[in-house]
Structures are given as C-alpha cells and as structure tokens.
Amino acid sequence: IESHNSAEDDSSESSGAQYPQDLRSVLVTSVLNLEQLDIDLYRGTHHWVPRTRRLFGGQIIGQALVAAAKSVSDDLYAHSLHCYFVRAGDPKVPVLYQVDRTRDGRSFTVRSVKAIQHGQPILICQASFQLLQPSPLQHQFPMPVVPQPEDLPTVEEIIQRYLSKPDLTESAKQGLNKLLATEVPIEVKPVSPAQFYRHVSGQPRRLFWARARGHIGEGNMKLHCCVAAYVSDFALLGTVLLPYPKYKARFTASLDHAMWFHSTFRSDEWMLYECDSPWAGSSRGLAQGRLWRRDGVLAASCSQEGVLRVKPVPENSKL
Ligand SMILES: CC(C)(COP(=O)(O)OP(=O)(O)OC[C@H]1O[C@@H](n2cnc3c(N)ncnc32)[C@H](O)[C@@H]1OP(=O)(O)O)[C@@H](O)C(=O)NCCC(=O)NCCSC(=O)CCC(=O)O
C-alpha cells in the first residue's frame with residue numbers, strides 16, 4: 001500500500017477540437033442534462049441503448065446522480081452511491097427521477113432517488129455528498145502498471161482488424177459492423193484486446209482505458225462523478241464471464257451498483273478501469289472496479305452484482 005495525496009489535478013490534455021467524433025453534446029448536454037418538471041422531479045432521455053434493448057444501467061445511475069446533485073449546495077462533493085436495478089428500463093419512453101431530500105447534515109448530506117417508468121420504479125438510489133474535509137489518514141493501493149493509452153488501439157481499430165480476417169462468418173461480420181456503427185459515448189482502449197473480447201480463457205480480471213467522448217473541461221466535480229458513474233457500468237459485469245470462453249451470455253443484467261468517489265478527476269481524460277470478479281455462483285456474479293487517474297491516483301471504486309445466465313458457445317463459432 002502506498003501513501004498518496006489526492007491533490008487537485010489541473011493537467012488538461014483535452015480540447016474539443018481534438019476529437020473527430022465529439023459526442024460532448026450527447027453525454028453532457030443531452031443524456032446528463034435533465035429537464036426539470038417540478039421541484040425535485042426531473043425527466044431524462046436516452047442516447048445509446050445496448051443490444052439487450054433494455055436501458056444501459058450506467059445511464060440510469062448517472063442520471064439519478066445528476067438529479068440528486070441538483071438539490072445539494074455547490075460546496076458538497078459526491079462521495080458514494082448505492083443503487084438497486086429493480087426493473088428493466090424501457091428505451092421507448094423517458095425516465096422520471098424523483099428526489100427525496102433524506103437528510104442535510106453538517107458534513108454529510110443524503111438524497112434518495114427513485115427512477116420511474118410506467119408509474120413504477122426501475123432504480124432506487126441513495127447518494128451521499130460531503131464537505132471537503134482534510135485528514136491525516138491517506139492511503140491507496142498502487143495503480144497497476146500497463147501500457148499508456150497512446151500505445152493501444154481503440155475498440156474501433158480492433159474491430160476493423162477482426163473484420164479483415166478472411167475466415168469470418170457472414171453473421172460475425174454483420175455483428176461487428178453493427179458494433180462499429182454504434183455510437184457509445186465512451187472511448188475505450190483495452191489493455192489486452194484478446195482477453196477483452198474473451199478469445200482466451202483467463203482470470204476474471206480486465207483492464208482498459210476509458211474516457212468520455214468529447215471535451216467536458218474542468219466543469220464541476222459533480223458532473224465528472226455523474227459521467228464516471230455512467231462509464232463505470234460499461235463492461236464491468238462481463239468480467240465475470242472471462243474464465244468461461246466456452247459459454248456465451250443468454251441473459252445478463254446488473255442487480256445493484258455501489259460506487260465511492262475518492263479524489264478529483266476529469267472524466268474526459270483517460271482513466272484506467274481495473275475490473276475483477278472475486279466470485280460467481282447461483283446464476284450471479286460479483287464484479288469490482290477501480291478507476292485510476294493516469295497519474296496513479298485512485299479516483300473511484302465500485303462494486304456490482306449481476307444475474308448471468310449462459311449457454312454453450314457452438315463448436316464452429318469463429319468469434
Ligand atoms: C434482475 C431482474 C431480471 C429480476 O427480475 P425477475 O426475478 O422477475 O426475473 P428472472 O426470473 O430472473 O428472469 C429474467 C430472465 O431469466 C429467465 N430465467 C429465469 N429463471 C431462469 C432459469 N432458471 N433458467 C434460465 N432462464 C431463467 C427468464 O425467463 C427471463 O428471461 P426473459 O426476459 O428472456 O423472459 C429484474 O429485476 C430486472 O430486470 N432488473 C433490472 C436489471 C437492469 O436493467 N440492469 C441494468 C441494465 S444491465 C447493465 O447495464 C449492465 C451492462 C452489461 O451488461 O455489461
């Protein structure tokens with residue numbers, strides 16, 4: 001365990017003009033920009049909907065945290081959230097977020113948020129905020145040593161490489177082209193592409209660099225936490241499947257998600273997402289994630305349990 005100061009990181013490598021596919025408007029000015037309907041009542045819309053046709057959990061958590069943050073003062077920082085996904089989100093209708101001001105304390109303030117569709121909750125979330133307070137107690141695990149993002153291909157480049165393989169089946173080609181056409185508002189660079197895509201059996205652990213597409217800027221820390229909450233649900237649960245390349249997912253869904261924010265960070269700058277799964281059983285799996293700033297500071301930790309029902313991969317599958 002190494003000692004670390006979680007000092008403000010002022011370094012900025014981002015500028016809107018650098019990004020050919022600047023989806024800033026999608027994540028910050030659209031998905032996380034909730035419409036206020038009444039006091040403590042908001043409406044959120046969707047952008048990227050996964051192939052499961054249920055709403056992306058990270059979007060619901062990110063929006064719930066935006067709604068919670070709107071009723072706390074600027075000097076409070078989000079430090080944790082705990083959520084249950086109780087129903088599948090319907091991509092055809094918006095989500096309502098109803099905030100309950102559970103407690104305003106001296107140091108800590110708690111909000112409860114219910115995400116509602118068709119008159120019923122799809123997510124229940126508690127979020128807690130704190131005044132910045134100094135402490136002589138400061139430690140963190142060291143960040144894993146991995147190649148820098150500049151030295152790794154993007155998922156789009158990796159998919160292009162797979163597409164150029166001569167023995168690819170037509171359906172695999174179609175699947176990959178669909179993946180390429182999907183505008184996920186997160187940019188991802190896997191540290192080990194073969195492992196990321198489960199082409200080799202391995203430990204239930206994977207690492208990838210991730211950042212929000214587009215320039216967000218210093219902004220406020222609460223917004224970066226909301227974006228990180230969105231990002232943190234991406235590819236986390238899949239970590240549970242890594243030791244089982246002979247099985248493919250038939251039904252997977254996250255059941256709950258907890259997150260702790262440790263230090264300031266920029267969600268539009270590369271962060272290393274270290275995911276592992278200490279346990280699976282009873283059609284469920286536990287996944288844990290750590291988001292690292294590239295200067296080695298631990299920015300956030302999260303834990304998620306999901307339901308995973310699988311079926312054997314056909315013998316002749318090329319992917
Ligand atoms: C978790 C559930 C499904 C639990 O509800 P229920 O208990 O009613 O469902 P269930 O009985 O588990 O059934 C779920 C599906 O499994 C099937 N099923 C049930 N029992 C089975 C069994 N013994 N063997 C095989 N299949 C079975 C059902 O037919 C159904 O499939 P069919 O549906 O085909 O009939 C629900 O609470 C829910 O949907 N919550 C929201 C989850 C969510 O949306 N999370 C965020 C998105 S997930 C995410 O974002 C993570 C990103 C990622 O995936 O990486």
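Mentor: In this predicted model, Leu81 stands opposite Ala127 in β7. That contact belongs to the pairing of strand β4, residues 76–85, with strand β7, residues 120–131; the two strands run antiparallel and are joined by nine bridges. Leu81 has a bridge partner in β11 as well, namely Met259. Here β4 pairs with β11 in the antiparallel sense, over five bridges.

The unreviewed entry places the feature "domain: Acyl-CoA thioesterase-like N-terminal HotDog" at residues 47–130. In the model, that span is 49% strand and 15% helix, and its end C-alpha atoms lie 31 Å apart.

From β11 the pairing continues. Strand β11 covers residues 247–261 and strand β14 covers residues 298–312; they pair in the antiparallel sense over 13 bridges. One of the partnered positions is Ser254, whose bridge partner in β14 is Gly306. β14 also pairs with β13, again in the antiparallel sense, over nine bridges. In that pairing, Arg284 stands opposite Val307 in β14. β13 and β14 form a hairpin with four residues between the strands, and Gly296 takes a positive phi near 95° there.

Arg290 and Glu274 form a salt bridge, with their closest N and O atoms 3.1 Å apart. This pair links distant parts of the chain, for Arg290 is in strand β13 (residues 284–293), Glu274 is in strand β12 (residues 271–281), and the two are 16 residues apart. With a relative accessible area of 17%, Arg290 falls under the 20% cut-off and therefore counts as buried. Glu274 is also buried, because its relative accessible area is 6%. Beyond the pair itself, salt bridges that share partners join Arg205, Glu274, Asp276 and Arg290 into one network.

Two further salt bridges deserve mention. Asp268 forms one with Arg266, the closest N and O atoms being 2.8 Å apart, and both of these residues are buried. The side chains of Arg213 and Glu156 meet in the other, at 2.7 Å from N to O. The latter pair again links distant parts of the chain: Arg213 is in the loop between β10 and α6, whereas Glu156 is in helix α3 (residues 155–163), 57 residues apart. Arg213 is buried because its relative accessible area, 7%, is under 20%. Glu156, at 22%, lies between the 20% and 50% limits and so counts as partly exposed. The count for the model comes to 15 salt bridges.

How many cavities of 30 Å³ or more does the model hold? The count comes to one. The largest cavity has a volume of about 40 Å³, and its lining consists of Ala210, Arg211, Ala212, Ala228, Val231, Ser267, Met271 and Leu291. By class, six of the lining residues are nonpolar, one is polar and one is charged. Two elements, β10 (205–212) and α6 (221–232), each supply at least two residues of the lining. The largest share, three residues, comes from β10.

Finally, the loop between α6 and β11 holds Leu242. Leu242 is buried, because its relative accessible area is 1%. Between Leu242 and Gln63 there are 179 residues in sequence and 29 Å in space, C-alpha to C-alpha.

β13 carries Arg290, whose partner in a salt bridge is Glu274.

Key. Residues numbered from 1 in each chain as written. Predicted model: local features only at pLDDT ≥ 70, side-chain atom pairs only at ≥ 80, totals over all residues. Heavy atoms only, no water. 1 Å grid on protein atoms, 1.4 Å probe; cavity = no way out; pocket = protein on both sides within 12 Å on 5 of 7 lines; lining within 4 Å. Points joined across faces, edges and corners; volume = space filled by probe spheres on them. Nonpolar A, V, L, I, M, F, W, Y, C, P; charged D, E, K, R; others polar. Salt bridge = Lys/Arg side-chain N within 4 Å of Asp/Glu carboxyl O. Buried < 20%, exposed > 50% of the residue type's maximum accessible area, 1.4 Å probe, protein only. Pairing = 2+ DSSP bridges. UniProt positions renumbered as here; feature names shortened; annotations may be inferred.
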